[in-house]
Amino acid sequence: MRTGHSVETVRAAERELMARLPDGVLMQRAAAGLAVACARLPGRVYGTRVVLLVGSGDNGGDALYAGARLARRGAGVAAVLLSPERAHAGGLAALLRAGGRVLAPGDVEPALLRADLVVDGIVGIGGRGGLRPDAARLAALAEAAPGAVVAVDLPSGVEADSGEVRGDAVRADLTVTFGTYKPGLLIDPAREYAGAVHLVDIGLGDVLPEVPVLEALQHADVAALLPSPGAASDKYRRGVVGIAAGSARYPGAAVLAVAGALGGGAGAVRYVGFAGDAVVARYPETLVSDGGPRAAGRVQAWVVGPGGGDDEAVVAEVLAQDVPVLVDADGLRLASREVVRGRGAPTLLTPHAGEAAALLGVARGEVEGARLVAVRELAARYGATVLLKGATTLVAEAGGGAVRVNSTGTGWLATAGSGDVLSGLAGSLMAAGLSAGDAGSVGAYLHGLAGRVAAAGAPVGAHAVAEAVPAAWRGVRG
């Protein structure tokens, strides 16, 4: 599992570790890992033209020491000092001893436009509010340069704790981060600026707290959570999920939610709504009820809302049942916050950014620009688990703790009905006994993989995504 920690936590851990180590050891560890990662990008070191963008903090020191290591191996290394009087003295001396040089102002632009590699050491993890004009100009030149851009710890101009980008920022091809992932490296919009992310172990593991701010499940974590039927399993032991979805206008939402639930391993699906004929025509194993949710029969979890229209009574009836409930789409605007907060059984809300903005009473852009803040606020307001959909799907629990971020999302999932598939899939996992947080996290992971499997570089619709869910499941199982 990948874990991310806040700036305050990282700094406290570094101070504790530095108190045990000789002076400068931690920075040398970081610089060594950075130099190795830089050397791998062009595939060679000797003759490579490297430009270091050096600020006044420790990130600038890391860049200078890494540049010295590259210069000793034959790279042509030049440094741009944004604050020459505040540059890291030891790092600068090491670079000059190794044959590196400092660029005069008039030589900066030509050097950047010829560089094979640009190393961004402008601002550290404590940076806020985007880059200042002189640094923003360098970031623009670096982006225009033909060579790769490597960020030190995180791209300058993005905010480490929140993933927000409030102004100009460096766009990196690779970010080399130290000790632990910074939350902003895993969350949009900052994630888009980070490129590939490589973690260098500098020894913080023993001094970081056990509970991180952020965590990202990997294949092994998801495989361990996936339910498996045993020899004595029946449909109830595997999990029966109820689906209250679809309307005269959106019958397909019901079909897609049922598809997601069946692909997610449900022992049975009970459907209530207007689209019974369409559901049975595609999935004859579905158990269709002509009555409301209370008349549907025994279920272990409910999914309500996809394509459901304005039927507030159905949403209320589902929420009144003492089983886990996933609320999506139309159900989100119809669900009473007081009712959700008062439920004894788990509730999972699955909004996209627009729906989350409506629930919070803010503009959509505010949610998209501060996704971590938004998902935490929604979870606290509703006393529920919240899955905020997007390129980086986030899952937050009402009681706080680590927020889960999904790493498998793909732009191919930005298609009508894809969220309905996810709702059915996550609902089936809740019916199988997973917690709301685990069901949302595992569901998002499988959904992302299914999108990649279905698309394979070509446009597809949501039904193809649903059909690819079993292949994604097999891929995780190995």
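**Pockets, cavities and a helix**

Tutor: The second largest pocket is lined by 35 residues, of which H352, K389, G390, L413 and A414 lie nearest its centre. Here a pocket, on a 1 Å grid over the protein atoms alone, is an open set of points with protein on both sides within 12 Å along at least five of seven lines, whereas a cavity is a set of points where a 1.4 Å probe fits but cannot get out, and lining residues have an atom within 4 Å of a point. This is a predicted model, in which local features need pLDDT of at least 70 and side-chain atom pairs count only at pLDDT 80 or more, while totals for chains, interfaces and linings use all residues. Residues are numbered from 1 along each chain as its sequence is written, and side-chain values use heavy atoms, with hydrogens and water left out.

Student: What volume does the second largest pocket have, and what volume does the largest pocket have?

Tutor: A volume is the space filled by probe spheres set on the grid points, which are joined across faces, edges and corners. The second largest pocket has about 820 Å³, and the largest pocket has about 1,000 Å³. The largest pocket is lined by 41 residues, with S56, G57, D58, N59 and G124 nearest its centre, and α1 (7-18), α2 (25-40), α3 (58-72) and α6 (133-144) each supply at least two residues of that lining.

Student: How many cavities of 30 Å³ or more does a search of the whole structure find?

Tutor: The search finds two. The largest cavity holds about 60 Å³ of space, and α19 gives the most to its lining, with three residues. About 40 Å³ lies in the second largest cavity, whose lining includes C38, P42, V50 and L117. By class, that lining has eight nonpolar, one polar and one charged residues, where Ala, Val, Leu, Ile, Met, Phe, Trp, Tyr, Cys and Pro count as nonpolar, Asp, Glu, Lys and Arg as charged, and the others, Gly among them, as polar.

Student: Which residues of α17 are buried, and where do they lie around the axis?

Tutor: In general, an α-helix has 3.6 residues a turn, so residues three or four places apart point the same way. Buried means under 20% relative accessible area, exposed over 50%, and partly exposed in between (1.4 Å probe, protein chains only). In α17 the buried residues are R371, L372, A374, V375, L378, A379 and Y382. They cover an arc of only 165 degrees, which puts them on the same side of α17; the arc is that of the directions from the helix axis to the C-beta atoms. After α17 comes G383, whose phi is positive, near 60 degrees.

Student: Is T385 buried or exposed, and what is T385 in contact with?

Tutor: T385, found in strand β16 (residues 385-388), is buried, with a relative accessible area of 7%. Contact means heavy atoms within 4.5 Å. Leaving aside neighbours within four places in sequence, T385 is in contact with residues including T347, L349, V395, E397 and G437.

Notes
Helix = DSSP H or I, 4+ residues; strand = E, 2+ residues; numbered from the N terminus.
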